[in-house]
Amino acid sequence: MLLEVRDLQVEFHTRDGVARAVNGVSYAVDAGETLAVLGESGSGKSVTAQAVMGILDMPPGRITGGQVLFQGRDLLRLKEEQRRRIRGAEMAMIFQDALSSLNPVLTVGAQLGEMFIVHRGMSRKQARAKAVELMDRVRIPAARERVDDYPHQFSGGMRQRIMIAMALALEPSLIIADEPTTALDVTVQAQVMDLLAELRRELNMGLILITHDLGVVADVADRIAVMYAGRIVETAPVYEIYRAPAHPYTRGLLRSIPRLDQKGRELYAIKGLPPNLLRIPPGCAFNPRCPMAQDVCRTEVPPLFEVAEAPGAAEGRRSACYFWEETLHG
Ligand SMILES: Nc1ncnc2c1ncn2[C@@H]1O[C@H](COP(=O)(O)OP(=O)(O)OP(=O)(O)O)[C@@H](O)[C@H]1O
Ligand code: SF4
Ligand SMILES: [Mg+2]
């Protein structure tokens with residue numbers, strides 16, 4: 001396994017108390033595989049990713065438990081210097097906002113080239129050629145002419161391609177893309193997502209794709225992990241989730257996707273708001289919003305049950321709901 005996160009726990013110490021942002025998250029992604037991490041704002045998707053990458057703000061953040069096994073090594077036990085060597089070279093991250101992640105006063109070619117000068121000891125000229133090659137690879141038209149342009153001279157979609165190029169520069173084996181297309185308009189979103197999927201295949205990388213949009217993951221992800229209040233509430237191969245969700249929260253998310261064949265119909269919305277992490281409700285954190293909640297849901301935290309459906313059903317399908325069976329068949 002390329003990456004295995006085991007029982008990760010992260011807290012934030014704030015003036016108002018301890019916010020438990022990640023409460024025992026486990027997930028895994030293999031080479032050539034795409035895992036989509038899904039959930040509403042504040043569910044802990046980014047914090048989990050930051051802990052994996054080693055870029056969590058500490059303090060106020062604190063990793064209080066768990067392991068992050070990357071190619072078998074527990075990254076949480078490495079020294080910062082060792083982690084720095086892994087970051088960028090072996091695992092890289094793509095963020096939502098390219099404009100604030102790129103340096104506005106350096107040309108795109110200089111920023112891409114820098115990776116090769118610093119990490120590969122190349123000359124300026126060699127690095128520039130590499131930059132052009134990367135820009136070609138992420139399909140930026142007229143790369144040779146545009147290599148000396150500045151970030152603001154590119155459109156949003158092209159800037160996001162440059163971010164992808166930066167992440168790919170050293171050919172890492174794992175990429176974490178945190179809402180990589182959220183800031184783009186819908187057609188450009190699809191193009192950037194397709195590009196990412198294609199490069200992932202070409203380079204046989206593992207990809208963790210963080211999103212709150214279940215609509216974008218159908219074509220690109222292999223597996224989905226759905227997060228709620230710092231926990232994974234359902235995980236399964238993507239086609240199984242679309243066919244029949246086994247958690248009421250996932251079902252709510254699926255129902256709130258706009259569908260072309262149901263134009264004009266009012267969009268479903270999950271009632272209520274995600275919990276305040278300083279005061280996560282006892283029992284199942286989703287219970288105040290759940291249409292299926294029973295007494296047990298208000299007192300006992302549901303574990304991740306193995307969803308054993310029909311014989312031969314996909315392995316490793318899990319749901320943190322006492323009533324996963326009713327949900328699945330309901
Ligand atoms: N620097 C911080 N200081 C205090 N609390 C933080 C900090 N960063 C994150 N948190 C807490 O962790 C929770 C999870 O944040 P996270 O960024 O992982 O959410 P997310 O699922 O990525 O949401 P979004 O979809 O909005 O990006 C937040 O609700 C917040 O309470
Ligand atoms: S455990 Fe209960 S409250 Fe939680 S999702 Fe299942 S039915 Fe709803
Ligand atoms: Mg986030």
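Before you click anything, you need a rule: two strands pair if DSSP finds at least two bridges between them. The strands (E, at least two residues) and helices (H or I, at least four residues) are DSSP runs themselves, numbered from the N terminus. This is a predicted model, where local features need pLDDT of at least 70, side-chain atom pairs count only at pLDDT 80 or more, and totals for chains, interfaces and linings use all residues. Residues are numbered from 1 along each chain as its sequence is written, while chains are lettered from A and ligands numbered from 1 in the order in which they are written.

**Stop one: the open sheet**

Select strand β3, residues 34–38. Four bridges join β3 to strand β9 (residues 223–228), and the two run parallel. To spot this pairing, find Ala-36, which stands opposite Ile-224 in β9. Now look at β8, which also pairs with β3 in the parallel sense, over five bridges. There, Leu-38 has Thr-211 of β8 as its bridge partner.

Next, select β7 (residues 174–178) with β8 (residues 206–211): five bridges pair them, in the parallel sense. Asp-178 has Ile-210 of β8 as its bridge partner.

Time to show the whole sheet. Its eight strands go in the order β6-β7-β8-β3-β9-β10-β12-β11, it is open, and the pairing is mixed. At the edges you'll find β6 (91–94) and β11 (305–306), each with a single partner strand, so one side of each is left without a neighbour in the sheet.

**Stop two: a hairpin**

Select β1 and β2, a hairpin with two residues between its strands. They run antiparallel, joined by 10 bridges. Click Leu-3: opposite it stands Val-29 in β2. Leu-3 also has a bridge partner in β4, namely Phe-70. Eight bridges join β1 to β4 (residues 61–70), and these two run antiparallel.

**Stop three: ligand 1**

Now pick ligand 1 and show what is near it, meaning residues whose C-beta atom, placed from the backbone, lies within 6 Å. There are 16 residues around ligand 1, and the closest are Ala-21, Ser-41, Gly-42, Ser-46 and Val-47. Which element gives the most to this shell? That's α1, with three residues. β1 (3–14), β2 (17–29) and α1 (45–53) each supply at least two.

**Last stop: helix α5**

Select residues 124–137, the 14 residues of α5. At 1.5 Å a residue they should span 20 Å, and the end C-alpha atoms are 20 Å apart, which agrees; the expected span is 1.5 Å times one less than the number of residues.

Colour Ala-127, Arg-128, Ala-131, Leu-134 and Met-135, the buried residues of α5. Look down the axis of α5: these buried residues fall within an arc of 120°, so they line one face of the helix. That arc is taken over the directions from the helix axis to the C-beta atoms.

Key: A residue is buried if 20 or more other C-beta atoms lie within 10 Å of its own, exposed if 12 or fewer, and partly exposed in between; C-beta atoms are placed from the backbone.
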